[in-house]
Amino acid sequence: MKKQTLAIILVLAAVLAGCIAGALGLRRPTANSTPLRLNLPEGTDYKTLCDSLSANGIAPGATFSLMARALRLNQNVRPGSYIVEPHMRQLALVRKLRNGQQDPIRLTIGKFRLPQQLNEYLNKKLMHDDFNVTLDSFYLIRPNTYEFYWTITPEKFMRRMGKEYAAFWQQTAGSGKWVVDSARGETLPIIQYPLNTHDIITLASIVEEETNNNAEKPLIASVYLNRLKRGMPLQADPTVKYAVGDFTLRRILNKHLATESPFNTYLHTGLPPEPICLPSAASVKAVIGAPQTNYIYFCASDKLDGTHRFAATLAEHNANAARYHRALERMGIKR
């Protein structure tokens, strides 16, 4: 056999052996026994990817590197959040990363009171750190649990929230009587006091801060709607806390009531200019579905169970307040 022919045979045998070894290696599962989430920011290079895999106990071996080069993963690492399934085949992992097949994350948006609180949360949970939800767009956010890709941009996030907001109102409109207001250019619920959707969210935010008891929310909403209808100040303590900037206040004092702010409903009639928190769907529906009552006042119940007593006159309200204070005294609770 000629030396040239022998050399060719040896090279082909080596290549074949390498391919077989590579295939067998890539069929080998990863070592993780539980799902692992791998976050790769923009600008992640192949070395950093390998370091991240190693840090998570998934050391990329020679066969991983061979396929990464073959599929050019080593030249183009796509940012994203990826779940490495338990004992995932290395070939499947390479393909997933090469193709940028992200796994969405579940993001729970709760009762944030300030836009900056929401922005800090989003900057921490998502890849981008320049979220800047402003006060005038804050009301578009609906508290809920959503699925997003980790790489979502602030612009796409707000577009998604706008769609969720529109879908929420469309769904809510199907649960009651609504009327088209051509002057405002929107469909509005028929309630006892005319409010647009922004106003409804704003009033719902006050109801949200007043109680966690969903059963009482419609009655509390009716109190505030009655005050609006009569041109009375809302005198809602949660708005004072918002104006002061201290949400831990347990007692509202005269110095707090004197705080000058458009959010202080003791000093200014009507609704605050913007919501004081992101209200739940229950609070929004409580405003829309508030019963027609003659209640003007409410105070904590003497049962001390988080419920309230409602009154139509100041005399009734004062009597309810006295009962509540006596209950506190019996319990040895200082006001």
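Residues are numbered from 1 along each chain as its sequence is written. Because the model is predicted, local features need pLDDT of at least 70 and side-chain atom pairs count only at pLDDT 80 or more, whereas totals for chains, interfaces and linings use all residues, and side-chain values use heavy atoms, with hydrogens and water left out.

**Helix α7**

Helices (H or I, at least four residues) and strands (E, at least two) are DSSP runs, numbered from the N terminus. Helix α7 covers residues 197-210, and its 14 residues reach 20 Å from the first C-alpha to the last, close to the 20 Å expected at 1.5 Å a residue, where the expected span is 1.5 Å times one less than the number of residues. Of these 14 residues, 13 are buried, so that α7 is mostly covered; buried means under 20% relative accessible area, exposed over 50%, and partly exposed in between, for a 1.4 Å probe and protein chains only. At the start of α7, a side-chain oxygen of Asn196 comes to within 3.1 Å of the backbone nitrogen of His198. A polar contact is a pair of N or O atoms within 3.5 Å; within protein, one must be able to donate a hydrogen and the other to accept it, and residues adjacent in sequence count only if both atoms are side-chain atoms.

**The largest pocket**

The volume of the largest pocket is about 1,700 Å³, and of the 45 residues that line the largest pocket, Asp237, Arg250, Ile252, Ala300 and Tyr324 are the closest to its centre. On a 1 Å grid over the protein atoms alone, a pocket is an open set of points where a 1.4 Å probe fits, with protein on both sides within 12 Å along at least five of seven lines, and lining residues have an atom within 4 Å of a point. Among the elements that each supply at least two residues of this lining are α7, α8 (217-230) and α12 (314-330), and the largest share, seven residues, comes from α12. By residue class, the lining divides into 21 nonpolar, 11 polar and 13 charged residues; Ala, Val, Leu, Ile, Met, Phe, Trp, Tyr, Cys and Pro count as nonpolar, Asp, Glu, Lys and Arg as charged, and the others, Gly among them, as polar.

**Salt bridges**

A search of the whole structure finds nine salt bridges, each being a side-chain nitrogen of Lys or Arg within 4 Å of a carboxyl oxygen of Asp or Glu.

| Pair | Distance (N to O) |
|---|---|
| Glu209 and Lys111 | 2.8 Å |
| Glu208 and Lys217 | 3.4 Å |
| Arg323 and Asp302 | 3.8 Å |

Glu209 counts as buried at 19% relative accessibility, whereas Lys111 is partly exposed at 34%. In the bridge between Glu208 and Lys217, Glu208 is buried with a relative accessibility of 9%, and Lys217 is buried with a relative accessible area of 2%.

For the salt bridge of Arg323 with Asp302, Arg323 lies in helix α12 and Asp302 in the loop between β7 and β8 (308-311), so the pair ties together parts that are 21 residues apart in sequence. Arg323 is partly exposed, at 32%, while Asp302 counts as buried, at 18%. Salt bridges that share partners also join Lys111, Arg113 and Glu209 into one network.

**Loop residues and backbone angles**

Asn32 lies in the loop between α1 (3-26) and β1 (36-40), where Asn32 is buried with a relative accessible area of 7%. A polar atom of the Asn32 side chain lies 3.1 Å from the backbone oxygen of Glu85.

Most residues other than glycine have a negative phi. Gln235, however, has a positive phi near 45 degrees; Gln235 is placed in the loop between α8 and α9 and is partly exposed, at 38%. Leu304, in the loop between β7 and β8, has a positive phi near 55 degrees and counts as partly exposed, at 34% relative accessibility. A positive phi, near 65 degrees, is also found in Arg72, which follows α3; within helix α3 (residues 62-70), the buried residues include Thr63, Phe64 and Met67.

Conventions:
Grid points are joined across faces, edges and corners, and a volume is the space filled by probe spheres set on the points.
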